[in-house]
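What can I put down, entry by entry, from the coordinates alone?

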Amino acid sequence: MKIKLMGSQTDLTSATSVGNASLVRVFNSTNAAILMTQKDGSTVVGTMSVGAGAVEHVSKIPAQTLEGGAGLKVVSVAYSS
């Protein structure tokens, strides 16, 4: 899989749409699992734990937000196989 960066890395200290991204790379920079929450407005779409040092890719509707703290580093990406 090839990843194309679509913006600059930030963190999830506060809720963000990550530049209205539809695909987000999430990296946990800590040595403990962190709970990440995806929301559509004030409605929780879902939650998941991101393991210590793990990288996950999250697909979302552009206006939806992610939150989870400073240890989760995020960037909008596109991919091709």
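Entry on valine 26. I looked up the contacts of valine 26 in this predicted model, leaving out residues up to four places away in sequence, and I noted Met36, Val50, Ala54, Val55, Glu56, Val58, Leu72, Lys73 and Val74.

Entry on the core. I next asked which residues make up the largest nonpolar core. I found twelve, namely Leu12, Val18, Ala21, Val24, Val26, Ile34, Met36, Val50, Val58, Leu66, Leu72 and Val74. Of the strands, I noted that β3 (23-28), β4 (34-40) and β8 (69-80) each supply at least two residues of this core.

Entry on valine 45. With a relative accessible area of 46%, valine 45 is partly exposed. Apart from neighbours within four places in sequence, I found valine 45 in contact with Gln38, Lys39, Asp40 and Gln64. I also took the separation of the C-alpha atoms of valine 45 and serine 80, which is 26 Å for two residues 35 apart along the chain.

Entry on the whole chain. I counted zero helices and eight strands in the protein, so that from the N terminus on the elements run β-β-β-β-β-β-β-β. The radius of gyration is 12 Å, close to the 12 Å that the globule rule gives for 81 residues, so I noted the protein as being as compact as a globular protein of that length. Taken along the principal axes, the box filled by the C-alpha atoms is roughly 30 × 30 × 20 Å. Of the contacts with a separation of 6 or more, 76% are between residues 24 or more positions apart.

Entry on surface and charge. I noted that 30% of the 81 residues count as buried, and that the accessible surface comes to about 4,600 Å², with 51% of it belonging to carbon and sulfur atoms. For the charges, I recorded 6 positive and 4 negative side chains, and the centres of the two sets lie 11 Å apart.

Definitions and conventions
Residues are numbered from 1 along each chain as its sequence is written. This is a predicted model: local features need pLDDT of at least 70, side-chain atom pairs count only at pLDDT 80 or more; totals for chains, interfaces and linings use all residues. Side-chain values use heavy atoms; hydrogens and water are left out. Helices (H or I, at least four residues) and strands (E, at least two) are DSSP runs, numbered from the N terminus. The radius of gyration is taken over C-alpha atoms; the globule rule is 2.2 Å times the number of residues to the power 0.38. Buried means under 20% relative accessible area, exposed over 50%, partly exposed in between (1.4 Å probe, protein chains only). Contact means heavy atoms within 4.5 Å. Accessible areas come from the Shrake-Rupley method with a 1.4 Å probe; for residues, only the protein chains shown count as cover. Lys and Arg count as positive and Asp and Glu as negative; His and the chain ends are not counted. The place of a charge is taken as NZ of Lys, CZ of Arg, CG of Asp or CD of Glu. A nonpolar core is a set of buried Ala, Val, Leu, Ile, Met, Phe, Trp, Tyr and Cys residues joined through side-chain atoms within 4.5 Å.
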